[in-house]
Amino acid sequence: MKLQFNDKVYDILKWLCLIALPALSVLYSALAGVWGWPYAQEVATTINAVVAFVDESLTDEEAQGLQSQLSGISGVADCTFVSRQEARDEYVAQYNEDDLYSDLDPTIFRHRYVMHLTDLKLMDQVVQSLESVEGIAKVRADQDLSLIHI
């Protein structure tokens, strides 16, 4: 079962994720310095999280075993493991209208790690390190937008 949106909804969601949220992050960071708003770095870092998807061939234990290696990468402030089941539950909680996804099988999701960085300037370095870790299938990070914070 696939989640399908009409073109207009898809375009709006894509714009929100690729343009609006990162732009708000930059705007908040810039204005926080001027107006003394709290948590400028934390807001920017939260919006610009890095997600590392685990290779689907790894067992649950092997996937969880990557955490110490990923946490040890220079520039990683925190590293949270999200299991397939947790990813599925979050998805269902967010999109489950009329119980459409209540029987969604968690095995269609990948285990993943959500990481925040100590400094957004290190994003390229962290992404390269993550991509070289055996057992990580894909890394999602908006490296271009993170450069705006430099």
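A: Arg 84 is found in helix α5, which covers residues 84-95. The model is a predicted one. Arg 84 has a relative accessibility of 16%. Buried means under 20%, so Arg 84 counts as buried.

What does Arg 84 touch, leaving aside its neighbours within four places in sequence? Its contacts are Glu 56, Leu 58, Asp 60, Pro 106, Thr 107, Phe 109, Arg 110 and His 111.

A search of the whole structure finds two aromatic pairs. One is formed by Phe 81 and Tyr 113. Their centres are 5.1 Å apart, with 55° between the planes, and the pair is tilted. Phe 81 lies in strand β2 (residues 76-82), and Tyr 113 lies in strand β3 (residues 112-117). The pair therefore ties together parts that are 32 residues apart in sequence. Both Phe 81 and Tyr 113 are buried.

Tyr 91 and Phe 109 also pair. Their ring centres are 5.6 Å apart and their planes stand at 55°, so this pair is tilted. Tyr 91 sits in helix α5, and Phe 109 in the loop between α5 and β3. The pair links distant parts of the chain, 18 residues apart. Both Tyr 91 and Phe 109 are buried.

Next, the nonpolar cores. In soluble globular proteins, nonpolar side chains tend to be buried together. The largest nonpolar core here has 22 residues. Those that touch the most other members are Leu 66, Leu 70, Tyr 113, Met 115, Leu 130 and Ile 136. At least two residues each come from β1 (50-54), β2, β3, α6 (123-131) and β4 (136-140). The largest share, four residues, comes from α6.

Not counting residues up to four places away in sequence, Leu 66 touches Val 54, Leu 58, Tyr 113, Val 133, Glu 134, Gly 135 and Ile 136. A second, separate core has seven residues, including Ala 87, Val 92, Leu 104 and Phe 109.

Finally, the whole chain. It holds seven helices and four strands. Along the sequence, their pattern is α-α-β-α-α-β-α-β-α-β-α. Of the 150 residues in the chain, 33% are buried. Among contacts between residues at least 6 apart in sequence, 70% join residues at least 24 apart. The accessible surface of the chain is about 9,600 Å², and 53% of that belongs to carbon and sulfur atoms.

Terms used: Residues are numbered from 1 along each chain as its sequence is written. This is a predicted model: local features need pLDDT of at least 70, side-chain atom pairs count only at pLDDT 80 or more; totals for chains, interfaces and linings use all residues. Side-chain values use heavy atoms; hydrogens and water are left out. Buried means under 20% relative accessible area, exposed over 50%, partly exposed in between (1.4 Å probe, protein chains only). Contact means heavy atoms within 4.5 Å. Rings of Phe, Tyr and Trp (its six-membered ring) pair if their centres lie within 6.5 Å; planes under 30 degrees apart count as stacked, over 60 as edge-to-face and the rest as tilted. A nonpolar core is a set of buried Ala, Val, Leu, Ile, Met, Phe, Trp, Tyr and Cys residues joined through side-chain atoms within 4.5 Å. Accessible areas come from the Shrake-Rupley method with a 1.4 Å probe; for residues, only the protein chains shown count as cover.
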